[in-house]
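Subject: Structure handover

Hello,

Here is the structure we talked about. Please open it and keep it beside you while you read my notes.

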Amino acid sequence: DVAFARDMIQHHAQAVAMVELTRERDLDPEVAQLAEGIRDAQVPEIETFSDWLGDWDEEVPPTMLDHANAGHGSGDMSETMEGMDDAMPGMMSGADMDALQAAGAGDFQTMWLEMMIEHHEGAVEMARTEQEDGRYRPAVELAAEIEESQGVEIETMRGLLG
C-alpha cells in the first residue's frame, strides 16, 4: 500500500505536468477537455495518497510538480524529473518530456495522446497490482477506480487518435 501510494504520487504528478504542457496549445476541444478532466481527477488523488502516507508516518516522495513549482525546470522538463523514478510502468523519461515540450503545433496533440495512453496503461498496471496485493481497503478501492476511469480515458484517447 505504501509503495502504491508513493509511486502513484509521482506517476500522477507526471500526468499533471503533461496536462500543464497542453495549456496555451491549439488543441481539438475534445483533447483539451480530456486533459482538464485528467488534471481534475488526479490532483485530488495525489492529495489522498499524500494524506495516507502522512497518516502512516511515511515520507511523501518529491515530484516533478514540486521541482517545477520551486522554480527548477524553467527550461527543460527533464530538469524537473531529477531524482524521480522513471522506471515505473508508463513513466516518461526526461527526454520524452523534453520532446513533448518542444513538439511543434502539428505534432504536439498526437504525441501527447500517444504518451498519455502509455502513461495511463502504466497506471492501470500499477492499479491492478494494488488490487491483487494491497491490504488497505481504501487504497484497493481507489486502485479499482483508477483502473476503471483510466481505462475509459485510454479508449477515448485511442478514438481521438482515429
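First, a term: a contact means heavy atoms within 4.5 Å. Among contacts in the protein chain between residues at least 6 apart in sequence, 71% join residues at least 24 apart.

Next, where this comes from. The model is predicted, so local features need pLDDT of at least 70 and side-chain atom pairs count only at pLDDT 80 or more, while totals for chains, interfaces and linings use all residues. Residues are numbered from 1 along each chain as its sequence is written, and side-chain values use heavy atoms, with hydrogens and water left out.

**The overall fold**

The protein chain has seven helices and zero strands. Read along the sequence, the pattern is α-α-α-α-α-α-α. Helices here are DSSP runs of H or I with at least four residues, strands are runs of E with at least two, and both are numbered from the N terminus.

How much of the chain is buried? Buried residues make up 42% of the 162 residues. Buried means under 20% relative accessible area, exposed means over 50%, and partly exposed lies in between (1.4 Å probe, protein chains only).

**How α1 and α2 pack**

Look at α1 (2–20) and α2 (29–55). Their axes come within 9 Å and cross at roughly 150°. That makes α1 roughly antiparallel to α2. Axes are lines fitted to C-alpha atoms, for helices over the stretch in contact, and the angles run from 0 to 180 degrees between N-to-C directions. Angles under 35 degrees count as roughly parallel, over 145 as roughly antiparallel, 65 to 115 as roughly perpendicular, and the rest as oblique.

The crossing of α1 and α2 is left-handed. In such a crossing the near helix is turned anticlockwise from the far one by less than a right angle; clockwise would be right-handed.

The α1 side includes Phe4, Met8, Ile9, His12 and Val16. The α2 side includes Ile38, Gln42, Ile46, Phe49 and Leu53.

Gln14 sits in helix α1. Is Gln14 buried or exposed? Gln14 is buried, with a relative accessible area of 0%. A polar contact of 3.2 Å joins its side chain to that of His119. A polar contact is a pair of N or O atoms within 3.5 Å; within protein, one must be able to donate a hydrogen and the other to accept it, and residues adjacent in sequence count only if both atoms are side-chain atoms.

Gln42 lies in helix α2. Gln42 is buried too, at 3% relative accessible area. Its side chain makes a polar contact of 3.2 Å with the side chain of His12. Leaving aside neighbours within four places in sequence, Gln42 is in contact with His12, Ala15, Val16, His120 and Gln150.

**Salt bridges**

Side chains of opposite charge can pair when their charged atoms come close. A salt bridge is a side-chain nitrogen of Lys or Arg within 4 Å of a carboxyl oxygen of Asp or Glu. How many salt bridges are there in the whole structure? A search finds nine.

Start with Arg158. Arg158 forms a salt bridge with Glu121, with the closest N and O atoms 2.5 Å apart. This pair links distant parts of the chain: Arg158 is in helix α7 (residues 137–161), Glu121 is in helix α6 (residues 105–133), and they are 37 residues apart. Arg158 is partly exposed at 40%. Glu121 is also partly exposed, at 35%.

Arg158 has a salt bridge with Glu155 as well (2.9 Å, N to O). Arg158 and Glu155 both lie in helix α7, three residues apart, about one turn of the helix.

Elsewhere, salt bridges that share partners join Glu20, Arg23, Glu36, Arg39 and Asp40 into one network. Within it, the closest N and O atoms of Arg39 and Asp40 are 3.1 Å apart. Arg39 is partly exposed at 23%, and Asp40 is partly exposed at 47%.

Which loop holds Glu24? Glu24 is in the loop between α1 and α2. Its phi is near 70°, a positive value in a residue other than glycine. Glu24 is exposed, with a relative accessible area of 84%.

Asp57 is in the loop between α2 and α3 (64–69). Its phi is near 55°, again a positive value in a residue other than glycine. Asp57 is exposed, at 73%.

Best wishes
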